[in-house]
There are 2 protein chains.
Amino acid sequence: MYDRHPTSQVVAYNEFLFLVDCGEGTQLQMTRYKIRRNRIRHIFISHLHGDHYFGLPGLLTSYGLNNRTEDLWIFCPPPLEAIIDLQLKAAGTVLPYPLHFVALDKEAVIFDDKKIRISCFPVSHRIPCWGFLFEEKPKPLKLNPDLLRTYAVPSEWYGRLKSGEDFIMKTGKVIPNEALTIPAGPPLSYAYCADTAYNEAIAERIKHVHLLYHETTYLDSQRDKAFLRGHSTTRQAAAIARQAEVHRLLIGHFSSRYEILDEFLEETKADFENTELAVEGATYFVSG
Amino acid sequence: MYDRHPTSQVVAYNEFLFLVDCGEGTQLQMTRYKIRRNRIRHIFISHLHGDHYFGLPGLLTSYGLNNRTEDLWIFCPPPLEAIIDLQLKAAGTVLPYPLHFVALDKEAVIFDDKKIRISCFPVSHRIPCWGFLFEEKPKPLKLNPDLLRTYAVPSEWYGRLKSGEDFIMKTGKVIPNEALTIPAGPPLSYAYCADTAYNEAIAERIKHVHLLYHETTYLDSQRDKAFLRGHSTTRQAAAIARQAEVHRLLIGHFSSRYEILDEFLEETKADFENTELAVEGATYFVSG
């Protein structure tokens with residue numbers, strides 16, 4: 001109603017661009033915000049309400065028109081595959097790239113790479129709906145090149161040092177690992193929880209994440225309506241953030257009845273100070 | 001690519017708002033251009049390529065969220081009903097208003113009212129695709145109030161005068177109809193032809209319309225590509241307009257590869273002078 005678009009997020013990690021939900025208009029928004037959409041190979045659809053996926057058929061079609069050839073994986077509730085199949089058939093479209101559907105049906109690790117792991121877990125909405133947890137894996141220690149030279153460490157030791165071993169010189173002298181390496185920083189994590197009613201089980205599932213996106217469709221005064229509609233309020237999102245002891249909270253999915261969003265931020269910050277509004281087109285960095 | 005939206009038009013006639021095609025983003029555009037969407041009761045979908053209907057599921061869903069209760073009719077190729085049904089089912093949505101699908105499968109009058117008639121006719125695309133012809137019915141004559149008084153015409157004669165009868169005074173004197181009435185102007189007509197390759201049969205079907213919207217996806221230099229893709233060029237649209245002896249031509253559906261559209265207008269006007277570009281958000285009046 002106030003010219004806000006439905007939900008879609010891009011999670012960038014190293015060479016990966018993961019698309020999370022794809023509401024109507026996502027393609028145009030990606031153009032506006034200069035997202036390199038061809039780098040997306042994995043799309044995660046939380047649930048099958050239109051504001052979270054009605055932009056997907058258009059994106060899949062555009063990839064085809066642009067002669068995409070790379071594989072594309074869609075992680076989604078099972079009925080989506082049949083919908084997309086019917087649409088492609090009605091359009092007489094044969095996509096020039098392999099499209100893979102991965103049905104979400106239980107809590108699971110759905111993507112596992114050397115550096116990052118992505119899991120899905122159920123959240124509480126009116127229809128089956130999934131949260132997504134992005135977890136960086138522990139990073140190897142970094143070597144300190146100056147000290148490697150000082151102690152004349154042979155290169156065949158580098159891998160062992162990165163994984164934490166102490167260095168034993170030919171003389172038998174032990175140089176502690178900490179003297180030769182630089183800590184890599186903690187593995188970072190991001191959790192996406194939308195759409196969902198207040199559910200304390202979610203807090204257990206996303207413990208200590210560095211950034212939590214949790215929906216706040218309603219202000220606290222609409223708590224009853226939130227419950228009935230399978231949504232959360234400001235204070236409920238803050239409560240989950242507190243219980244999960246997350247570092248930072250991002251709130252979004254505001255009901256279209258609200259033009260001004262200040263109150264969302266105020267109410268949430270009253271209970272969880274480190275909160276930000278999810279603003280269209282903005283980038284949020286996950287840090288330790 | 002150049003921030004142009006896919007196809008959708010609103011045809012306004014008296015109290016009616018007819019929606020013709022509904023590409024992705026139509027809802028947001030309707031908000032932007034202050035279209036009173038609740039007045040729409042009839043939607044015409046030309047064919048099932050996404051750029052002509054991917055905005056429809058969102059519109060139908062929004063009507064539901066806004067508690068629409070009025071009937072809505074969708075005239076469309078048959079597969080659309082199954083697609084929408086699957087989407088509603090996956091979303092757990094029961095619409096609060098009656099939704100009627102009318103399958104387009106042959107040339108026919110699909111809407112017939114006291115004042116306007118709407119027909120569909122096949123055009124030539126890669127998949128089944130329909131043009132739409134909006135024809136106003138002959139309008140009754142208007143009465144000239146001053147002369148009615150002069151001749152003391154009783155009110156029970158008004159209907160007969162409007163339908164063209166002469167007035168016979170009690171004395172037996174005949175007052176010709178033309179002396180008492182004002183011509184109502186010609187019945188107006190509008191034809192929508194997209195997407196379609198060049199097809200002279202279309203010209204026969206839309207003879208003498210006051211306004212013709214005909215797609216021009218490509219410039220004339222891309223004539224071969226247009227044929228292969230089931231689209232038309234500038235000069236082909238102009239040729240149809242000439243053959244059909246239409247009053248005015250509106251061109252649109254420009255390939256996203258073109259940023260500047262001047263050449264479309266120039267090429268078309270060279271063969272059919274009374275041509276305009278279909279511009280987003282613009283209103284075109286149909287006149288005699």
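## Helix crossing in chain A

The crossing of H9(A) and H10(A) is right-handed, a crossing being left-handed if the near helix is turned anticlockwise from the far one by less than a right angle, and right-handed if clockwise. Helices (H or I, at least four residues) and strands (E, at least two) are DSSP runs, numbered from the N terminus. The structure is a predicted model, in which local features need pLDDT of at least 70, side-chain atom pairs count only at pLDDT 80 or more, and totals for chains, interfaces and linings use all residues. Residues are numbered from 1 along each chain as its sequence is written, while chains are lettered from A and ligands numbered from 1 in the order in which they are written.

Helix H9 of chain A covers residues 234–244 and helix H10 of chain A residues 262–271; their axes come within 8 Å and cross at roughly 35°. Axes are lines fitted to C-alpha atoms, for helices over the stretch in contact, and angles run from 0 to 180 degrees between N-to-C directions. H9(A) contributes A:Thr234, A:Arg235, A:Ala237, A:Ala238, A:Ala239 and A:Arg242, which meet A:Phe264, A:Glu267, A:Thr268 and A:Asp271 of H10(A); residues are in contact if their C-beta atoms, placed from the backbone, lie within 7 Å. By class, this helix contact has four nonpolar, two polar and four charged residues. Ala, Val, Leu, Ile, Met, Phe, Trp, Tyr, Cys and Pro count as nonpolar, Asp, Glu, Lys and Arg as charged, and the others, Gly among them, as polar.

## The seven-stranded sheet

Chain A has an open sheet of seven strands with mixed pairing, in the order S6-S7-S8-S13-S14-S15-S16; two strands pair if DSSP finds at least two bridges between them. Strand S6 (108–112) and strand S16 (275–277) of chain A stand at the edges with a single partner strand each, so one side of each has no neighbour in the sheet. From one strand to the next, the twist averages 20°.

Strand S15 (residues 248–252) of chain A pairs with S16(A) in the parallel sense over three bridges. A:Leu250 stands opposite A:Glu276 in S16(A). H10(A) packs on this sheet, touching S15 and S16 of chain A, and its direction makes about 165° with that of S16(A).

## Domains of chain A

The domain assignment divides chain A into domain 1 (1–105), domain 2 (142–182) and domain 3 (185–288); the bounds come from an automatic or database domain assignment. The C-alpha centres of domains 1 and 3 of chain A lie 24 Å apart. Across this boundary, 11 residues of domain 1 are in contact with nine residues of domain 3 of chain A. The domain 1 side comprises five nonpolar, five polar and one charged residue.

The same surface serves both copies, as 100% of the contact residues of chain A recur in chain B.

The contact takes 23 residues from chain A and 23 residues from chain B. On the chain A side, helix H1 (26–32), helix H2 (56–65) and helix H3 (79–90) each supply at least two residues, and the largest share, six residues, comes from H3(A). The chain A residues there divide into 11 nonpolar, nine polar and three charged.

## Backbone particulars

A cis peptide bond joins A:Ala194 and A:Asp195, with omega about -10°. A:Asp195 is placed in the loop between strand S13 (189–193) and helix H7 (200–205) of chain A.

How values were computed
Contact = placed C-beta atoms within 7 Å.
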